[in-house]
Amino acid sequence: MQNESGDNVDLYVPRKCSWTNRLVPSKDHASVQINVANVDPITGIATSDYTPYCLAGYIRFKSEGDMALTALAQENDAQLYNSGGGGAAATTTVAATAGDVTDE
């Protein structure tokens with residue numbers, strides 16, 4: 001719901017899983033939202049922009065979270081590369097709590 005000036009005034013805005021497009025309920029304590037840094041394809045340095053991905057607990061329970069995050073990041077890289085993002089292929093760096101994962 002929006003007020004007269006166009007600001008969002010809802011108390012709770014549900015998230016959607018980036019992989020399954022399911023709504024993530026507020027009681028899903030296994031769900032995560034991971035911000036993946038956007039990388040400049042020419043210099044290879046992370047920019048200040050990021051792309052958020054939300055994964056539902058259902059995906060993590062089925063042990064498909066790693067595959068889903070990798071596929072989403074590669075799809076995002078392909079879209080950036082095809083839209084004229086630069087001469088070299090874009091790379092995405094995922095910083096996780098267990099360690100660093102880099103897709104090139």
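Trainee: Where is Thr 51 found?

Mentor: Thr 51 is found in strand S4. Keep in mind that this is a predicted model.

Trainee: Why is Thr 51 called buried?

Mentor: The relative accessible area of Thr 51 is 19%. Buried means under 20%, so Thr 51 with its 19% is classed as buried.

Trainee: What makes the pairing of Thr 51 and Asn 38 a polar contact?

Mentor: The side chains of Thr 51 and Asn 38 are joined at 3.0 Å. The limit for such a pair of N or O atoms is 3.5 Å, and the value of 3.0 Å falls within that limit. The side chain of Thr 51 also makes a polar contact with the side chain of Asn 76, at 3.4 Å, a value that is again within 3.5 Å.

Trainee: Which residues is Thr 51 in contact with, leaving aside its neighbours within four places in sequence?

Mentor: Thr 51 is in contact with Ile 34, Asn 35, Val 36, Asn 38 and Asn 76.

Trainee: Which residues have a positive phi although they are not glycine?

Mentor: Asn 21 has a positive phi of about 60° and is not a glycine. Ser 63 also has a positive phi of about 60° without being a glycine. Asn 21 lies in the loop between strand S1 (15–16) and strand S2 (23–24), while Ser 63 lies in the loop between helix H1 (57–61) and helix H2 (65–82).

Trainee: Why are Asn 21 and Ser 63 called exposed?

Mentor: The cut-off for exposed is over 50%. Asn 21 has 52% relative accessibility, so Asn 21 counts as exposed. Ser 63 has 66%, so Ser 63 counts as exposed too.

Trainee: What lies 39 residues from Cys 17 in sequence?

Mentor: Ala 56 does, with 5.4 Å between the two C-alpha atoms. Ala 56 lies in the loop between S4 and H1, and at 5% relative accessibility Ala 56 counts as buried. Not counting residues up to four places away in sequence, Ala 56 touches Cys 17, Val 24, Asp 28 and Ser 31.

Trainee: Where is Ser 31, and why is Ser 31 called buried?

Mentor: Ser 31 is found in the loop between S2 and S3. Ser 31 has 13% relative accessibility, which is under 20%, so Ser 31 counts as buried.

Trainee: Which polar contacts does the side chain of Ser 31 make?

Mentor: The side chain of Ser 31 is joined to that of Arg 15 by a polar contact of 3.1 Å. The side chain of Ser 31 also reaches the backbone oxygen of Asp 28 at 3.0 Å. Leaving aside neighbours within four places in sequence, the residues in contact with Ser 31 include Arg 15, Leu 55 and Gly 57.

Trainee: What makes Arg 22 a charge over the ring of Tyr 58?

Mentor: The charged end of Arg 22 is 4.1 Å from the centre of the ring of Tyr 58. The distance limit is 6 Å, and 4.1 Å is within that limit. The count of aromatic pairs, in contrast, comes to 0.

Trainee: How many helices and strands are in the protein chain?

Mentor: There are 2 helices and 6 strands. From the N terminus on, the elements run β-β-β-β-α-α-β-β. Of the 104 residues in the chain, 23% are buried.

Terms used
Residues are numbered from 1 along each chain as its sequence is written. This is a predicted model: local features need pLDDT of at least 70, side-chain atom pairs count only at pLDDT 80 or more; totals for chains, interfaces and linings use all residues. Side-chain values use heavy atoms; hydrogens and water are left out. Rings of Phe, Tyr and Trp (its six-membered ring) pair if their centres lie within 6.5 Å; planes under 30 degrees apart count as stacked, over 60 as edge-to-face and the rest as tilted. A charge sits over a ring if NZ of Lys or CZ of Arg is within 6 Å of the ring centre and within 35 degrees of the ring normal. Helices (H or I, at least four residues) and strands (E, at least two) are DSSP runs, numbered from the N terminus. Buried means under 20% relative accessible area, exposed over 50%, partly exposed in between (1.4 Å probe, protein chains only). Contact means heavy atoms within 4.5 Å. A polar contact is a pair of N or O atoms within 3.5 Å; within protein, one must be able to donate a hydrogen and the other to accept it, and residues adjacent in sequence count only if both atoms are side-chain atoms.
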